[in-house]
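Here are my notes for you, with the model open beside them. Take the points in order and find each item on screen as you go.

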Amino acid sequence: MPIFAGMDADVIVVGAGPAGSATATYLAQAGVDTLLLEKATFPRAKACGDGLTPRAVKELQFLGVPTTEQAGFQRNRGLRVFGGGHVLELPWPELDSFPPFGLTMPRETLDHKLAQHAVAAGARLHQDTTVTGPVISERTGRVVGVNARTGSDSSNSATHTYRAPLVVAADGVSTRLATAIGRDKNPHRPVGVAVRTRVKLTKPPSRPGQMDWMESHLELWDGPREHGKLMPGYGWVFPEAGQVVNVGVGSVTSTARAKGVNYRELLTTWMDTLGPLWGFTAQDVVDPPRSAALPMCFSRQPLYGKGLLLVGDAGGMVSPFDGEGIAYALQSGRVAAATITAALSPGAAGRREETLLDYPRQLKESLGGYFSLGRVFVKLIEQPAVMRLCTRYGLPRPTLMRLVMKLLSDLYEPRGGDWMDRLIATLARMAPAA
Ligand SMILES: Cc1cc2nc3c(=O)[nH]c(=O)nc-3n(C[C@H](O)[C@H](O)[C@H](O)COP(=O)(O)OP(=O)(O)OC[C@H]3O[C@@H](n4cnc5c(N)ncnc54)[C@H](O)[C@@H]3O)c2cc1C
């Protein structure tokens, strides 16, 4: 039952991806009456590499989701990086703050699991419910609910209005909810574009340990390296349970401008080169290509204002270093829920708005400096000459690459640790959060 009279819930969360389901789980666990609205019906497909770094694994563990292979996850040991004619294996760093392994799981399964987890915690999930816009109070200008449509065709569709004192936009990169109140994306923040497919291997791969590593390809060749042509972008192969691999390509730009690259064609061409290394052909594709944009570096702000909080992709929280968004979606849901719980407590009645402003403050404090470093990183690597120098001369240097691995995957001890951890933590602290 909502604590506020005349309301349908204490909090409405729009979108049941990782950010929305995490927010709803934490809120429900804290006893906050939470309505979770999702336009799809689970299980639903999602464009993603399905890769979970130790940072994301840790967030799943915070949430209380079992992260075992019995639960359907595939474990990995780290990154196998290909570039400049070199191959380097970089195990996930041994750190006190993070588990030493990564995972993969198809998003169809993971997101369904996370939504069920929110329901088990007590959140009310309405699927097949598309939020069409915010309800705005004429008196205060605040978002006080949402309008929604259920049913997919005219025979069964119906409209609804749901009211709550706080609304969380967890509706992903296009976040109609945030754009409807004029919270547009900042065109000067980096943005990625990526496409992925899935392939079922008909026989185990020939190279030893091939299924134990998340493969990252810094160069894409349209044929054997010796006489092939270098194509734009980077690629990945993430092994999943059941002899399936998620294969994808993407690129990142420092501002929201189109590169004019046909990513689906790029994926098809690269897969012809990759196939023999993994033992697959185009006939083994089991999931059609899906693509989407990756919004980075808090590209949509403010993260709180006028009764609406933005979490995950809605707030543009993908890492510019490696395109990882799930860990940050889960983290922002955790921080948002804790802030909302504090703001709705009877003790905070007179200073609710001030308490809610802790949400952007805390996220900026924890990620702002790191994202600012990432903006510089993207500016550098989008110049092919710089990227070529890095792969040719950086990859053969294992110590340098271990440092780069920690930086790129955001896996370092925020306090203490070795010299690499201290260097990255200092740089992230010095970089201004914006
Ligand atoms: C090709 C590709 C590969 C990627 N690979 C990785 C990877 O390997 N690892 C990683 O960490 N990140 C990866 N990412 C990024 C990652 O997918 C996102 O950062 C992540 O999904 C963000 O989670 P979210 O909950 O914020 O948004 P989403 O996962 O997009 O969830 C939003 C939810 O809101 C629902 N919704 C949308 N509009 C409405 C509406 N109007 N009403 C109701 N519901 C609505 C949607 O149906 C969806 O369920 C990749 C992205 C792409 C495009």
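1. Start with the open sheet of three strands, ordered β9-β10-β11 with antiparallel pairing. Strands here are DSSP E runs of at least two residues, helices are H or I runs of at least four, and both are numbered from the N terminus. Two strands pair if DSSP finds at least two bridges between them. The edges are β9 and β11 (158-163), each pairing on one side only.

2. Before going on: this is a predicted model, where local features need pLDDT of at least 70 and side-chain atom pairs pLDDT 80 or more, while totals for chains, interfaces and linings use all residues. Residues are numbered from 1 along each chain as its sequence is written, and side-chain values use heavy atoms, leaving out hydrogens and water.

3. Now look at β10 (residues 143-150), which pairs with β11 in the antiparallel sense over six bridges. In that pairing, V146 stands opposite Y162 in β11.

4. Next, the ligand. Which element gives the most to the shell around it? That's β9, with three residues. The shell's residues split into 18 nonpolar, ten polar and nine charged (Ala, Val, Leu, Ile, Met, Phe, Trp, Tyr, Cys and Pro count as nonpolar, Asp, Glu, Lys and Arg as charged, the others, Gly among them, as polar).

5. Finally, check two polar contacts (pairs of N or O atoms within 3.5 Å). A ligand nitrogen is 2.9 Å from a polar backbone atom of V131, and a ligand oxygen lies 2.9 Å from an N or O atom in the side chain of R44.

Definitions and conventions: A polar contact is a pair of N or O atoms within 3.5 Å; within protein, one must be able to donate a hydrogen and the other to accept it, and residues adjacent in sequence count only if both atoms are side-chain atoms.
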